[in-house]
2 protein chains.
Amino acid sequence: MPLFDTLPGTVSIYEVSPRDGLQNEAVTVPTTRKIRLIEALCASGLSRIEITSFVSPKWVPQLADGDAIAAHTPSAEGVVFSALCPNARGLKRALDSGIKEIAVFISASETHNRKNVNSTIEDTLEGFRSVIAPAVEAGLRVRGYVSCVWGCPYEGEIDTEDALRIARELLNQGCYEISLGDTIGAGTPLQTRRILEAFFAEFSPGQLAMHMHDTRGTALANILVGLEMGIRTFDASVGGLGGCPYAPGAAGNVATEDLVFMLHGMGVETGIDLAKLHVAGQVAAAVVGHPLAGKVHQAGVRSLPG
Amino acid sequence: MPLFDTLPGTVSIYEVSPRDGLQNEAVTVPTTRKIRLIEALCASGLSRIEITSFVSPKWVPQLADGDAIAAHTPSAEGVVFSALCPNARGLKRALDSGIKEIAVFISASETHNRKNVNSTIEDTLEGFRSVIAPAVEAGLRVRGYVSCVWGCPYEGEIDTEDALRIARELLNQGCYEISLGDTIGAGTPLQTRRILEAFFAEFSPGQLAMHMHDTRGTALANILVGLEMGIRTFDASVGGLGGCPYAPGAAGNVATEDLVFMLHGMGVETGIDLAKLHVAGQVAAAVVGHPLAGKVHQAGVRSLPG
């Protein structure tokens, strides 16, 4: 069998719970609690964490304290903090904060992009010219998110060519990595293979990451396909924090603990201590005040065999 | 990429919710409600359903009404009903009920088998001589479960040789199919490949099924490996009914809806109508009176794109 004959020794986990997770929570969490969560994530060995967003508080009141979060987040050794940055105003806040990495967000679905950022795909890409290149010139790394690659809550199937075109433009503008998102968690493994084949025809695996939602339970199966095909960076949210904005009560981002459990079980290292990550998941649940959907989060790490 | 170049047109789903699911529920569900669940499962297009157990009511009070369940279950066309049958006394009840298929259950872990059926593996296999062969002689089909193949809650890792030896003996005694169980949901994909390679060295894929638990979120990823390697029968429980007996509140059996969603998304047919299966999951939740862990169950099928 050819399966898993070329597994990597390590992969990189990009933790999104303080931004993507908390952004999708109904409650606004106090700044001190957010910092407590970020500290717990750092203690687990996570080395890439998206801590907040420099977006207008009108749009995302949950993350209105972005400047304070960036100011108070401890500069843990070997950890790269990142913040979502939609426009030039956000970039100014990012530069003032001293953060070393930012991320930009766009959808491969025209309808989803309009509903999400009130702008066409073309206008959004054009607007990124005042964010990405200036950020790179200022010495920042810029990550690009392309959402709805596996499907759109409004349009259904999305032509992979649309996602490819956007990824191409983001890389041309200066992004170092494109995170491909299954925003509604509708992806299945054969589709994942087809999407990644289209991307690998043009880009190298090192330019790509996967951002999978577990809304229908397929996140790890899709990630397994990506791992087998060469993807080496996966986004995740501790405990599955954040849920699904399109189906109240349903799961959103794949839980970091589940992903790490699967990878470690295959001998693929992440630099993360699963027991400490489980503690961070407990902190995340306490911070938002309700149980989270992650499976290892619910089962616990003490119940592991052996 | 060699991934999914040999996907089957169809696979067989073996539904375990009325037996394995309800057996792990704290409450005992009234007989009429169980029959309502079985009817909803039949209506979804499921063609193999384990409806009850002919075990002593002392051991499993939740399934004490096995005879009534078998008597009142409608003989839906094209549907094979099965019942767990631990011993000769159970076989007598099965024969009286007119059911066409039974299943026997044994663990690959000595400690788990003792705790589960109060008997050594050797004695359990010996006892099956008064069940399997007589059942086959009476015209019944007999399915064999081997649990804890991916790990044991008491012993940790289990030597695959032990599972192989038991499977060999069950097939020799007359079982038509062996369902290999990840009873604690601790399996990961590379391990699944190794276990199945060991089984395929001796048995044909048609003799094997996978019974995966989703306790740590890896069930579909493991099933994907099995599918890729040739397994064509998968056990599942609607809504994920039953939970995990070793971690209260955690997920147990993989949810049938999640499995069917993944398979249909890959063009692999099951004969099941996912919308009707989702209805059966709602019936299951109503029958036990609490929400279930299945992801599609929680997200709903209306939120599917397109």
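Colleague: Is strand β2 (residues 48–53) of chain B mostly covered or mostly open?

Modeller: β2(B) is mostly covered, since five of its six residues are buried. A residue is buried if 20 or more other C-beta atoms lie within 10 Å of its own, exposed if 12 or fewer, and partly exposed in between, with C-beta atoms placed from the backbone. Strands (E, at least two residues) and helices (H or I, at least four) are DSSP runs, numbered from the N terminus.

Colleague: Before we continue, what kind of model is this, and how are things labelled?

Modeller: This is a predicted model, in which local features need pLDDT of at least 70 and side-chain atom pairs count only at pLDDT 80 or more, while totals for chains, interfaces and linings use all residues. Residues are numbered from 1 along each chain as its sequence is written, and chains are lettered from A and ligands numbered from 1 in the order in which they are written.

Colleague: What is the mean pLDDT of chain A?

Modeller: The mean for chain A is 94, and 98% of its residues reach 70 or more; pLDDT is the predictor's confidence in each residue, from 0 to 100. For the complex, the predictor gives an ipTM of 0.95 and a pTM of 0.96.

Colleague: Back to β2(B): which strand is joined to it, and by how many bridges?

Modeller: Five bridges join β2(B) to strand β3 (residues 80–84) of chain B, and these strands run parallel. Two strands pair if DSSP finds at least two bridges between them. Within this pairing, Arg48(B) stands opposite Val80(B).

Colleague: And β8 of chain B, which residues point which way?

Modeller: From strand β8 (residues 233–236) of chain B, Thr233(B) and Asp235(B) point one way, whereas Phe234(B) and Ala236(B) point the other way; all are buried. In a regular strand the side chains alternate between the two faces of the sheet.

Colleague: Which strands are joined to β8(B)?

Modeller: Strand β1 (residues 12–15) of chain B is joined to β8(B) by four bridges and runs parallel to it. Strand β7 (residues 208–212) of chain B also runs parallel to β8(B), with two bridges. Asp235(B) in β8(B) stands opposite Tyr14(B), and Asp235(B) is also the bridge partner of His211(B).

Colleague: Now helices. How do α2 and α12 of chain A cross?

Modeller: The axes of α2 (residues 31–43) and α12 (residues 274–288) of chain A come within 8 Å and cross at roughly 170°. Axes are lines fitted to C-alpha atoms, for helices over the stretch in contact, and angles run from 0 to 180 degrees between N-to-C directions.

Colleague: How many residues does each chain give to the contact between the chains?

Modeller: Chain A gives 50 residues and chain B gives 50 residues. On the side of chain A that touches chain B, the largest share, six residues, comes from α10(A). That side has 28 nonpolar, 14 polar and eight charged residues.

Colleague: One last topic, the loops. Where does Thr120(B) lie, and what does it touch?

Modeller: Thr120(B) is found in the loop between α5 (110–117) and α6 (121–127) of chain B. Not counting residues up to four places away in sequence, Thr120(B) touches Glu110(B), Asn113(B) and Arg114(B). Thr120(B) is exposed, because 12 other C-beta atoms lie within 10 Å.

Colleague: And what is the phi of Asn118(B)?

Modeller: Asn118(B) has a positive phi of about 60° although it is not a glycine. Asn118(B) lies in the loop between α5 and α6 of chain B and is exposed, with 10 other C-beta atoms within 10 Å.

Colleague: Is Cys148(B) buried or exposed?

Modeller: Cys148(B) counts as buried, because it has 29 C-beta neighbours inside 10 Å. Cys148(B) is found in the loop between β5 (141–147) and α8 (160–173) of chain B, and its phi is near 60°, a positive value in a residue other than glycine.

Terms used:
Two residues are in contact if their C-beta atoms, placed from the backbone, lie within 7 Å. Ala, Val, Leu, Ile, Met, Phe, Trp, Tyr, Cys and Pro count as nonpolar, Asp, Glu, Lys and Arg as charged, and the others, Gly among them, as polar.
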